[in-house]
Amino acid sequence: MNVRVGKTAAAPEFSVAAKRLLGDDQLRQNVHHATDIIRAKRALRVEELPDWQELRDAASEIKAHTLRHLAEYLEEFEHNCIAAGGEVHWARDADEANAIAIGLIRRHSEGRDGAEVIKVKSMTTDEVQMNVALERVGITPYETDLADMIVQMAGDEPSHIVVPALHMNRFEVRDLFRVKMSLPELGEQPHDLTDAARMYLREKFLAIKIGISGANFAVAETGTVCVVESEGNGRMCATLPDVLISLVGIEKVIPKFQDLEVFLQLLPRSATGERMNPYNSLWTGVHAGDGPRAFHVILLDNGRSKQLADERERETLACIRCGACLNACPVYRETGGHAYGSIYSGPIGAILSPQLQSLEHSRSLPYASTLCGACYEVCPVKINIPETLIHLRGRIVAEDQKSLKGKLNQQSLAMRAMALVFRSTWRYEAAQKLGQRGQWLFERGGYLVDLPGMAGEWTRFRDLKALPGESFREWFQKRDVNGGGEA
Amino acid sequence: MRVLERLGHRVLFPRAQTCCGQMHYNTGYQADALPLVQRFVKIFRDKEVVCVPSASCVAMMREHYELIAERSGNHDFLCQVRTLLPRVFEFSELLANKLGVLDVGAHFEKRVTYHPSCHSLRMLHAGDAPERLLRSVRGLDLVNLPEREQCCGFGGTFAVKNADVSNAMMQAKCGAVKLTGADVVTALDNSCLMQIFGGLHRAGQDVRTMHIAEILASHGGAAS
């Protein structure tokens, strides 16, 4: 099994990527503006529901229950999907999912070269890098979600789970369309841009015979796949083509049709600040004379079953990809999504990518957080992201401690030394004395500057008050000897 | 300490105390945190009430001490943790909630803004208790901090591991402080205040940072 998540293998460490992005004022302005708007809309739509916390509890419990019985619900889904006329395929990892999709596309295009497919916005197909795999064998995928189309045309990567082109503003989109659609006179008003996209996409919808989607939910009881969206382009892809292929992560299954009642309230309010998504599409198998004539579901593992085995990590599988944690995160707000080196960015990305890949290519991500808890506060399915970040940091340190190189890295040495100091009153007080006596080396007028080693990262941006000549505990000792109390 | 004594309480400072273990625990050195937790519990388990002038240390205790004790497999230790935790209070929590005191007789003639630290806000659910304490201080002009619930960017080792992002968050916080025109920024956590002070001082801003206890201990009008 070869678990891959987007292009993480080639991505730089978070702090390195973040530093570069922090220098892009336009991008940061775009991210600030967009996240401020979505956060405000979400807050409005959450406040108006008196039972919001109960809904979160219900969602969290439904997900926890499903994950405990995942194997049974997946089989139930498979059974009911097949009974309704669908075909179900199982993929262990990204390569297997892409190979199945390519095989199906070839089968349904009768071996003709130059097949084309239209795509519904889907994070899971980005996770397995399906577009790259399709292009490699001569199949052309067209993203039809407006933002995903922009990202694809720009040769860029999504920077947000729900709003993939959040890092771009409309002037940048206009310039892109002018070149890619040969429209040199195009304006930057929203209706100019959507008109141009509509003209371009309508031709694809009418001509291309194979559609590919992800899924927001897969209902075990009925074998139904559900996708919610704002534009209607997803519904075009799900209804107009002859063939529909849905790539579904195994954690997307929910037991009952009625469970949608909970999630279809939580998801739109959390994701886009809407009471309801403009388009809620649900499809079950195939129906003569209506919609696709062939329907395939590819159920994807790609590291998920390993997550399922760990009690702490299992909770992450409850994620419904609403992106609320990204919009709430003060770190994401400053860097945007590309700093995370993965299509899953923000707080959820910082826990999801490392778990899926068993910590490979993503060891800096669990440290890309101040543990401020804003993500946990807004999560509609109550994933305790800060706690999971700490858990993953523990896994990374435990791995480090197994090798000499890991044991001797700067952080490890500093943390072990401090642990020793904190374990003894004598050593603690001696260290305090050492600080008081040695700090003159770095002191300028009562403040410490240009400290060495890791502390230098502190003084790169901030001043630090020098330690006072008498520490609190020294003052207290003296006072205690003299009888103490208020004079 | 002065505030609690002024209210008639006897305050002890056990010299053997060092660190609650949060830094090690949150950075992933959970094995190194255990002896620090054991040390804390041993020192404080026979005390009537434990006052901790740091919301994030209290959050560490409430969120993780039981789990750490459970994982240690020592049942007696777990029982000790369970009986100690209900007696541990953050400073403002102790005053406003446990002792029911808002006016501690302080006098401080400054314009002050309050930064609700993430751990006090989202883990201790401190609510408006700190502000009610500050409003009861004579002469104190409390001004609202814009975007107050945004993290200051400290985050423990985050401040050095991701110094550039931490700096960007700090700049936003310092900008908000500047907008208030306050003389003093206060909070329940010295760690946030160290970050905010570091940024303000580097930028040449003449704004002081004071822990809420320092303000509540003042009775001379100006900062002591």
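Buried residues, meaning those with 20 or more other C-beta atoms within 10 Å of their own, C-beta atoms being placed from the backbone, make up 46% of the 487 residues in chain A. This is a predicted model, in which local features need pLDDT of at least 70 and side-chain atom pairs count only at pLDDT 80 or more, while totals for chains, interfaces and linings use all residues. Residues are numbered from 1 along each chain as its sequence is written, and chains are lettered from A, with ligands numbered from 1, in the order in which they are written.

**Confidence**
- The model scores ipTM 0.95 and pTM 0.95.
- For chain B the average pLDDT, the predictor's confidence in each residue from 0 to 100, is 96, and 98% of the residues score at least 70.

**Chain A**
- Chain A has 24 helices and 13 strands, where helices (H or I, at least four residues) and strands (E, at least two) are DSSP runs numbered from the N terminus.
- The C-alpha trace of chain A spans about 95 × 55 × 50 Å along its principal axes.
- Domain 1 (8-306) and domain 2 (422-481) are given by the domain assignment of chain A, such bounds coming from an automatic or database assignment, and the C-alpha centres of these two domains of chain A lie 53 Å apart.

**Interface between chains A and B**
- Counting two residues as in contact if their C-beta atoms, placed from the backbone, lie within 7 Å, 42 residues of chain A are in contact with 43 residues of chain B.
- Among the elements of chain A that give two or more residues to this side are helix H1 (14-22), helix H19 (385-400) and helix H24 (472-481).
- By class, the side of chain A that touches chain B has 22 nonpolar, eight polar and twelve charged residues, with Ala, Val, Leu, Ile, Met, Phe, Trp, Tyr, Cys and Pro counted as nonpolar, Asp, Glu, Lys and Arg as charged, and the others, Gly among them, as polar.

- The domain assignment of chain B gives domain 1 (2-97) and domain 2 (102-216), whose centres, taken over C-alpha atoms, are separated by 23 Å.
- The contact between them takes 21 residues from domain 1 of chain B and 23 residues from domain 2 of chain B, and H6 of chain B is one of the helices that supply at least two residues of the domain 1 side.
- Helix H6 (residues 91-98) of chain B is mostly covered, six of its eight residues being buried, and the cover includes strand E1 (50-52) and helix H8 (129-135) of chain B.
- Just after H6(B), Gly100(B) takes a positive phi of about 65 degrees.

How values were computed: Buried ≥ 20, exposed ≤ 12 C-beta atoms within 10 Å, placed from the backbone.
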